[in-house]
Amino acid sequence: MRLRTGGAGAPVERLRSPSRLNHPGRPVAGLREDMIELLCRAAPHGAHAAVSFGAAIDHLTGTVYGSAPLWGAEAEPYDLGAALRERRPDVTWQLVNDVTAALVDFADTHARPGIRRIGYLTLSSGIAMRVADLERMRIPVDGRGLQGEIGHLPAMTNAPELRRAGLPCECGAPDHLASVSSGPGIARVAERLGLDGGPALPEWLPEALVADDPRARRLLELCVEPVAHMLRTLWCLDPHLDLLGLGGGVVEGLGSHYADELRRQLGLATSYADPGRSPGWLADRLVFCGPGTVDALRGAERVGRWFPGILS
């Protein structure tokens, strides 16, 4: 996790998150207490604290519904906002999901006149997406204050290697989008294909793709396919989604290989409802974000300026 305790130009401190990935034997209650302690210790007296938090979170209340990377399968709602306010009532806590914060930062740099709806999709240790309505200046949410937790929807795939494969998701359920297309998901699919990449997989895969290794090409094709299916569905249901940024460790690590494969799959015709998207159509609507180009911490500081209604 990253902390900045000054203004926009202040240095950023990097810390290990109190998560089940970093502390696999610690109970969830203890991890949550560690998080509260860390955040409260970092906030100066009387501060306005903008927190970009990696969890499914109700932005209006601060209630967290789950975070697979932080707390695994634990799904009992946790009022993180209330816990922070109780521990440090002198601080004004502004708590938003990290993908929402990333969307704000992406919109701040990429929104242009005529864009009706803008989205940001992160593919990293988890997968999630947010879409904002720029005509109404709102981020629509459901009755629980949520939107776009697509990583925990079933993975759509036609690949025989992955049908009912039983690949686990960090949330504990099988065959989710994140089971296949997240960073850990790619490792699971590689193992299913008999590729013993282990910890070296993130280094091996880009090099193997450069070398045109057919095993690497198939691995990438399988892991991109559910994302392509999801985007086809999204554009079918929401034709006013005019611009979409894609970022996160998977997109950044695989760079042009990932972008080219996703464009290739989206260019294929699947039906009269999806006749395939031209290179020009995709170039006008997809932005692949490289390392450092989208900053969720910076976005968290700007949420109130872009979407004040989300904080009311």
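Helices H7 and H8 are roughly perpendicular to each other. The model on screen is a predicted one, and this pair is the first stop.

**Stop 1: helices H7 and H8**

Select residues 201–210 for H7 and residues 214–237 for H8. Their axes come within 8 Å and cross at roughly 110°. An angle of 65 to 115 degrees counts as roughly perpendicular, which is why the pair is described that way. The crossing of H7 and H8 is left-handed.

Now show the side chains where the helices meet. On the H7 side, pick Leu201, Trp204, Leu205, Ala208 and Leu209. On the H8 side, pick Arg215, Ala216, Arg217, Leu219 and Leu220. Colour this contact of H7 with H8 by residue type: eight of its residues are nonpolar, two are charged and none is polar.

**Stop 2: Asp212**

Is Asp212 buried, exposed or partly exposed? Its relative accessible area is 46%, so Asp212 is partly exposed. Check the backbone here as well: phi of Asp212 is positive, near 60°, in a residue other than glycine.

**Stop 3: Asp175**

Asp175 is not a glycine, yet its phi is positive, at about 60°. With a relative accessible area of 23%, Asp175 is partly exposed; the range called buried lies under 20%.

**Stop 4: Ser182**

Move on to Ser182, which sits in the loop between helix H5 (177–181) and helix H6 (183–192). Ser182 has a relative accessibility of 0% and therefore counts as buried.

Another is the backbone nitrogen of Gly185, which lies 3.0 Å from a polar atom of the Ser182 side chain.

To finish, display what surrounds Ser182 beyond its neighbours within four places in sequence. The residues in contact with Ser182 are then Ser124, Ser125, Gly126, Ile127, Glu170, Leu177, Arg188 and Val250.

Definitions and conventions
Residues are numbered from 1 along each chain as its sequence is written. This is a predicted model: local features need pLDDT of at least 70, side-chain atom pairs count only at pLDDT 80 or more; totals for chains, interfaces and linings use all residues. Side-chain values use heavy atoms; hydrogens and water are left out. Axes are lines fitted to C-alpha atoms, for helices over the stretch in contact, and angles run from 0 to 180 degrees between N-to-C directions. Helices (H or I, at least four residues) and strands (E, at least two) are DSSP runs, numbered from the N terminus. Angles under 35 degrees count as roughly parallel, over 145 as roughly antiparallel, 65 to 115 as roughly perpendicular and the rest as oblique. A crossing is left-handed if the near helix is turned anticlockwise from the far one by less than a right angle, and right-handed if clockwise. Contact means heavy atoms within 4.5 Å. Ala, Val, Leu, Ile, Met, Phe, Trp, Tyr, Cys and Pro count as nonpolar, Asp, Glu, Lys and Arg as charged, and the others, Gly among them, as polar. Buried means under 20% relative accessible area, exposed over 50%, partly exposed in between (1.4 Å probe, protein chains only). A polar contact is a pair of N or O atoms within 3.5 Å; within protein, one must be able to donate a hydrogen and the other to accept it, and residues adjacent in sequence count only if both atoms are side-chain atoms.
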